Each structure stands twice: as C-alpha cells, then as structure tokens.
Amino acid sequence: MSTCIPHFVSLRFLELNTSKRYRFSGRCRRTMSVAASVSKEASNYIPEAPIFLPEGPWQQIPGGVTAAVGFKAAGMRAGLRAGEKPDLALVTCDVDAISAGAFTTNVVAAAPVIYCKNALNASPTARAVLINAGQANAATGDAGFQDVIDCSSALANLLNLKNEEVLIESTGVIGKRIKKEALLNSLPKLVGLLSSSVDGANSAAVAITTTDLVSKSVAIESEVGGTRIRVGGMAKGSGMIHPNMATMLGVITTDALVTSEVWRKLVQIAVSRSFNQITVDGDTSTNDAVIALASGLSGANKISSMNSLEANHLQMCLDAVMQGLAKSIAWDGEGATCLIEVNVDGAKDEAEAAKIARSVASSSLTKAAIYGRDPNWGRIACAAGYAGIVFNPNKLRISLGDTLLMDAGQPLPFDRIAASNYMRKAGETHGTVEIHISIGDGPGRGVAWGCDLSYDYVKINAEYST
C-alpha cells in the first residue's frame, strides 16, 4: 500500500478570481508542483493538477508528453475562444510513431473522432496530434468534417507529412465548428514553438483545457527488459465525464519499441482500467479521444508478444500513467469538493468488479450524499445492486474509509458523526473519500473514481455556453 505525506498548497485560479487551499492526503503517491514545473506562461492561467500515481517499479519524472525520446510539444493562444488562455496545442514525434486510439461510444461522434478513426485504420503510424479548445466541432455535418481535413492538411504541409499522419482532437461547445481561419493562421507560429522541454509539455497541457481548474500532465521512467523507457501523457476533462469514455482528451507518448498489434491492445486495456473507470456527471461526450504514440527510440528490444514479461511491464506503466491522469480528471470534476474512490473485490473477475465500482461511482444519490457528508450506505448498496452483476446480497460488505457500515448483508451500528467528519475533512481539503465493497469470495477486483455532486456543478453548466 502506498503512502503520502499530506501537505497544503494555496492555488490561485486567475480566471475565476478565487483562491482555494487544498490539503492532499491519502494512499497514493501524489505530486503537486504548481510553480516549479509549469512554464511561466502556462502557470499564468491554471496550475498543475495533483497526480495520483499508484506505487510500482517506476519513478515520476518531469516532462509529460515530451519526456519520452523523440517527442516535442507546444501550446499557444490562437484566438479560438474568449479569454486569454492558450487554446491550441500540438504534439509531434521525430519519427513514424506506432499509433493507437480510443474514442467515445457516443453515436453523435464529433468530426475529429471520425477522422482519427479513419486515419488509424489507414495507417499503423502517426507523427502529430493537433488539439483545439473552444469548439467541439461535433454535430457540424459535412462542413465540420471538411474543417478537420483542411486543418490536418495544412499542418501536414508545414511538417512535410502525409495527411493521415496528422491526428486531430477538439473540445469545446457542441454544434460549433472550429474557428478555422484563426487556427490555420496560427499553425506556423505553433510549429515554431515546438520544444522537447518541460515547458513545451506544460504549455500544451494548459492549452487543451476548457472548464478545468488545473492542467493534467505526468511522466514516468522504468526499466523494461533491461533498458530505461519513458511513458508520459496529458489529458483534459472536468465535466461530461462518464465511462465509455468521458469529455476528455488525452495524448500518451512512450519511447518503448513495440509492434502495432501489441501497442493497440495494451492501450485498449489501459483505457479500460483508467479513463473508462471515471465519472463526474453521467454524460458521455461526443469528443472523447485518447491518442497514444510509441516512438521506439529508447533503444530497448522490440516488444512483439502480449505474453512477454516486457509487454506486461509496459502495460503496468501505461496503466499507471493513464490512471494518474484519470484520477486527476475526477478530482477536478466540475464543482467537486473531493475525489471518490470505489474499490470492489470478491467478484468473479476484474470486469464484474469494475462494473460494480463504476455503478457506485456514477450514482447521483451516492455522490450527493457524500457532498452532504451523509454516510448513507443504503445508496451505495443500491448502486452496487443495480450494476447488472449477480451476487449474493448476504455476502455484501461496505466500508466508508475505516468505518465498517455493513457486513454479511447486515447493517452494523457505527459512529455516524465520525463517518460524517471523515467526508467533511475530505471535502475541506479536496481529499479522497474511499468506499470499499466486497461482494463475495471471488478473485475479481476493480476500482472506479468519481467526485461528489455539488450545487456548483449546476451553476457551471448552466452558464457554460453563454
């Protein structure tokens, strides 16, 4: 079990003209480096998120998407949205990178999602990911799709690439096409800003945010097959977050050398254990997209079998990076005061445990109870029961933090004040409320993350498009 030392940090959110003082504590390793690792320009807008990395055979390093060998990034203001925050980002690879992607299951998929799916089907490699904030370019018809093609073509010409080597992600208001003229005019400057530095990664991580109060960026280094490899990533997301996937964008990079078949399988598994296990509000976006690129420049041997030790180790590294980013998204949920972590064990397999964990984390009644600091275990039991997984209710066990609420299907007497204070403390420090559920004696374990549901969530989304 991992440990971390609680500490306080004061965050100044310039766009909201407000300050929050958070105390980070819990079982995971967390990093908060507001001023130290964020570029001066990026830190003028929003600070970095706390990163909740699981313990493992890796160490956290600076750099985000540029930590792995062969990658550059940049972010800038292109005038795509109101305000002064950067709104256009670019991540590139010096070589043909093995590519993979995971996307929204929403039938009303945005134009860039459709474009990326086609590009990944056409080629096993890619060289660049262009990301705009401000307009989702979803539900925009043929004109919106043509905008994606025009933007990718223009960037491909600047970088001397094929069109299918450029991937596109968009976030913002649904029904709004990209401000194409402003974007196209900004591309030469954006390409000129590309850098393999930490500042390059951080500026890109800020540029892709929308209602996020913090940017999300992380990188780790680990030894795989006797060679040091790096995995990094950035993501955005705060609202419209729900499994399969969420209103989130992500870019993952690594310098591991891996075949296309193995890489795409590893990425899908990691997404299922991370971004598909978070929820904020039950809304699955039109634009969810995670693009993962592997440069192969670490000097490590090629990973060509899913059954190899090297593939298993790379899987753990991918899981760690994506889970770290995913938990930061849930922590930053719109209007949230705390992160909720739901652990389930005793299921038949991982998939069943994960489904129950998602059900509880998604329950509006459970989320509202946590915001109200009400240890209403009945809502937790209810959400576990309607997850669609058959289990013996006489084996149900529920704990809130260290407080056991139910065992062997029977309610237990417990200290309601202590349980309420546990949630209150988490809310006051933007910490974590942990829910533990056991449904039997099986080997299956799963975890999901969410946040409490506050009055501010309604206010934020009532005013979003205006």
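This is a predicted model: local features need pLDDT of at least 70, side-chain atom pairs count only at pLDDT 80 or more; totals for chains, interfaces and linings use all residues.

Visitor: Let's start with Lys216: is Lys216 buried or exposed, and what is its relative accessible area?

Guide: Lys216 is buried, and its relative accessible area is 0%. Residues are numbered from 1 along each chain as its sequence is written, and side-chain values use heavy atoms, with hydrogens and water left out.

So what does Lys216 meet in there? Its side chain joins that of Asp212 in a salt bridge, at 2.6 Å from N to O. (A salt bridge is a side-chain nitrogen of Lys or Arg within 4 Å of a carboxyl oxygen of Asp or Glu.) Asp212 is buried too, at 3% relative accessibility. In total, the structure has 20 salt bridges.

Let's follow a few others. Asp147, Asp150, Arg177 and Lys180 are tied into a network of salt bridges. Arg77 is another one to look at, being partly exposed with a relative accessible area of 30%. Its side chain meets that of Asp87 in a salt bridge, 3.2 Å from N to O. You'll find Asp87 and Arg77 in the loop between β6 (71–76) and β7 (88–103), 10 residues apart. Asp87 is buried, with a relative accessible area of 0%. Arg77 also forms a salt bridge with Glu84, where the closest N and O atoms are 4.0 Å apart.

Now for a sheet. Here 6 strands make an open sheet with mixed pairing, in the order β17-β16-β15-β18-β14-β19. The edges belong to β17 (410–411) and β19 (442–451), each with a single partner strand, so one side of each has no neighbour in the sheet. (Helices (H or I, at least four residues) and strands (E, at least two) are DSSP runs numbered from the N terminus, and two strands pair if DSSP finds at least two bridges between them.) Strand β14 (residues 339–346) runs antiparallel to β19, and 7 bridges join β14 to β19. Across that pairing, Val342 faces Ala448 in β19.

Helices lie against these strands as well. Helix α7 (residues 309–331) lies across β14 and β19, running at about 45° to β19. Helix α9 (residues 364–371) also packs on the sheet, touching β14, β18 (432–438) and β19, and its direction makes about 135° with that of β18. (Axes are lines fitted to C-alpha atoms, for helices over the stretch in contact, and angles run from 0 to 180 degrees between N-to-C directions; contact means heavy atoms within 4.5 Å.)

Zoom in on β14 and you'll come to Val344. This residue is buried, with a relative accessible area of 2%. Not counting residues up to four places away in sequence, Val344 touches Ala353, Ile356, Ala357, Ile437, Gly444, Arg445 and Gly446. Take Ile437: Val344 and Ile437 are 93 residues apart in sequence, yet their C-alpha atoms are 4.7 Å apart in space.

Tyr371 counts as partly exposed at 25% relative accessibility, while Tyr455 counts as exposed at 68%. The count comes to 1 aromatic pair. (Rings of Phe, Tyr and Trp, with its six-membered ring, pair if their centres lie within 6.5 Å; planes under 30 degrees apart count as stacked, over 60 as edge-to-face and the rest as tilted.)

One last stop is Ser420, in helix α11 (residues 416–429). At 11% relative accessibility, Ser420 counts as buried. Leaving aside neighbours within four places in sequence, Ser420 is in contact with Arg373 and Pro375.

How values were computed: Buried means under 20% relative accessible area, exposed over 50%, partly exposed in between (1.4 Å probe, protein chains only).
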